[in-house]
Amino acid sequence: RKGGWGPPKVIPLSDDDFKDVQERMKHRIRDGEAELSMFGSSFFILEGKGIKLLTKDGQRGRFSGPEEALCRNLSDLDWPYMMDRRHGELLVDVGISFTPHSPDVPVVGVWRLDALEASFGAGGYKRGDMHHHNTLSRYGALQAEMQQERAQQTHIAFRSTYNLYYESIRTNNNRVAFTSDSDAYKLSPSYMAECFEMVKVIDGCKEKTYGVRDEYRVSGHAARIMLDNIESKAIEYLRSDPVLWIPSKIWFELIRRRVREIQRTQIAIVKKNPPNLGILTGLLNHMLRSTTSTPIIYDFHVRESLALLEYRNVLETAGMFFLQKFDLGSETCLDEVQQVDDLNVLALMGVNAKAQRDRAVGVGVGRIDSQATAESELEEYPLGRTPTWNRLKAVIASSPAMIMRPWSWSSRLSDMELSVGRLFIMFTRHIWLMLTTDVLKGIRPHPNSLQEAMKCWTITSIDDTLAAVAFEACNAGLQDHTGVTAGRMGPKSRGFGDRRSLFFPDPDAPHKNNAQWSVLWEGDGYIAEFHRTMGTMDEDQGMLLKQGLSEVFSDVHCLPASGSRVWTQKNDAIVFITNPRFYRIDCIGRGVETQQRATR
């Protein structure tokens, strides 16, 4: 495949197809003679990921234990052959989860690092990697390989301990990705959207319980021995009190407050524009990443700043890393670090950074407006109150979460007619069923209530479900207070309430001559069911049904950009139209960039 940062293409093959591929490889190598002779033998490395729930102990009583669950649920694999060491080494991860039953007060578990160090040391592991969660000195996670001589005796290769609340904020590919320092330096839309999205995710975790996990990578035979008495050993280990249990509201509120305060501080220093803005931005962005992960520090200036601030000493004495002498009133905010951005730092921050630095050095400290008012304005109107149509379109396409208010369930919809909810649920299920699995990266939506169905059409849910998405702006209802739509926005879009007739056409509406639509008009399709329901109602009832559906459509976050086809694509991305009702703007402004932007 061509080079790039995207994930490699996955091609599922049947057993027979895979054998054919191997035979074709052998023929190609044989035909290549001396040129391909180096490939005369081959072997395959198999990795099983995402199968944790298939091997969970018990499986509701269906299996005697994890080993039987593994062999029965993945019966296509020849386990006796794989366990035979003459054919190679089978390595499996044996994981023990510690999750308390706490129905009244949801809690979060975090490992005590002193207890982990003692346990890893007694087990003969190497020093390993220690992770300080949220820069806390005494709590986090630890991973380490076994010393080679010890590994030959115990058949244990690796041990990893981690806190399960990480599962709530991890990405699909398990990679930590946060906006760059240059985005924070400019307060770009992607930086603002990332911060708001992080806070939103954290808020959603406060009513859930998360435990901790201890995993061992061992040989197949060692796994059998471990599983024989693993429960009693786990109970014995818990007596050493290796886990701190904290109410979820307290733990996630701590993280949320830290994220918000770091973001506010970044907004303040960008407004102030000190001569070392790049140095401070790198430091603050590192602290922001550290709230949910343990980031690798690639940039020298960040490592140098942490060393100058005596990072380790602060952790040990304060229990958590703080910028103890940070002062917005001083010229450079933090005296201990580099006072002026050098060329290397400016290069990392972007093309306009040098001019910004020079202005800061020349004029000193600029005026500082009312911080609370400016921050509130920037959060509510990230593009200003009256952005241009082109600016709005660009941000919707790149960072819809920044400009769109989060979707929330409206209590007035609770009184909606049952037939409205039933039909909208059918609509959601049937529309998503039309997509092939190759465009999905998450679980295909299958809602069971009107609220769940509407949530399936939020930008967050859509982005979690589809591999590639393109969001587009809608210009319906974006007039100013005089009723005039400023700027040239092209043809007027159909409002979301009016899109009811597109997805739920009247029984006497013209039948669309397209295979995607046709299947919905016939048999058990939701449109056919809508027509059957309308046929059982009188005129007033039918009108109320359509009004109810229109009301639901007017309150959804996004909808497919349907027309002659149900689903449309641009450059392999599924296209969605966003609902202007959720835009963080007052109306569309005139000119190229004449809108009143929020002060930064």
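# A walk through the model

Select Asp-241 to begin: with a relative accessibility of 44%, Asp-241 counts as partly exposed. Before going on, keep in mind that what you have open is a predicted model. Asp-241 sits in the loop between α9 (230–238) and β7 (243–247).

Now jump to Asp-572. This residue has a positive phi too, of about 70°, and again it is not a glycine. You'll find Asp-572 in the loop between β10 (569–570) and β11 (573–578). Is Asp-572 buried or exposed? Asp-572 is exposed, with 65% relative accessible area.

**Next stop: two crossing helices**

Select residues 418–433, which make up helix α19, and residues 539–553, which make up helix α25. Turn the view until you can see both. Their axes come within 9 Å and cross at roughly 55°. That angle makes α19 oblique to α25, because angles of 65 to 115 degrees would be needed to count as roughly perpendicular and angles under 35 degrees to count as roughly parallel. The crossing of α19 and α25 is right-handed.

Which residues make the contact? On the α19 side, show Ser-419, Val-420, Leu-423, Phe-424 and Phe-427. On the α25 side, show Leu-545, Gly-548, Leu-549, Val-552 and Phe-553.

How open is each partner? Arg-412 counts as partly exposed, at 34% relative accessibility, and Glu-551 is partly exposed as well, with a relative accessible area of 30%.

While you're on salt bridges, select Asp-203, Lys-206, Glu-253 and Arg-256 together: salt bridges that share partners join these four into one network. How many salt bridges does a search of the whole structure find? The search finds 27.

**Two more pairs**

Arg-86 forms a salt bridge with Asp-84, and their closest N and O atoms are 2.6 Å apart. Arg-86 is exposed, at 72% relative accessible area.

Then go to Arg-289 and Asp-181. These two also form a salt bridge, with 3.2 Å between the closest N and O atoms. The pair links distant parts of the chain: Arg-289 is in helix α11 (residues 277–289), Asp-181 is in helix α6 (residues 181–186), and they are 108 residues apart. Is Asp-181 buried or exposed? Asp-181 counts as buried, at 10% relative accessibility.

**Last stop: a histidine in α11**

Stay with helix α11 and select His-286, which is placed there. His-286 counts as buried, with 8% relative accessibility. What does His-286 touch, not counting residues up to four places away in sequence? Show Pro-295, Ile-297, Val-302 and Leu-306 and you have its contacts on that count.

How values were computed: Residues are numbered from 1 along each chain as its sequence is written. This is a predicted model: local features need pLDDT of at least 70, side-chain atom pairs count only at pLDDT 80 or more; totals for chains, interfaces and linings use all residues. Side-chain values use heavy atoms; hydrogens and water are left out. Axes are lines fitted to C-alpha atoms, for helices over the stretch in contact, and angles run from 0 to 180 degrees between N-to-C directions. Helices (H or I, at least four residues) and strands (E, at least two) are DSSP runs, numbered from the N terminus. Angles under 35 degrees count as roughly parallel, over 145 as roughly antiparallel, 65 to 115 as roughly perpendicular and the rest as oblique. A crossing is left-handed if the near helix is turned anticlockwise from the far one by less than a right angle, and right-handed if clockwise. Contact means heavy atoms within 4.5 Å. A salt bridge is a side-chain nitrogen of Lys or Arg within 4 Å of a carboxyl oxygen of Asp or Glu. Buried means under 20% relative accessible area, exposed over 50%, partly exposed in between (1.4 Å probe, protein chains only).
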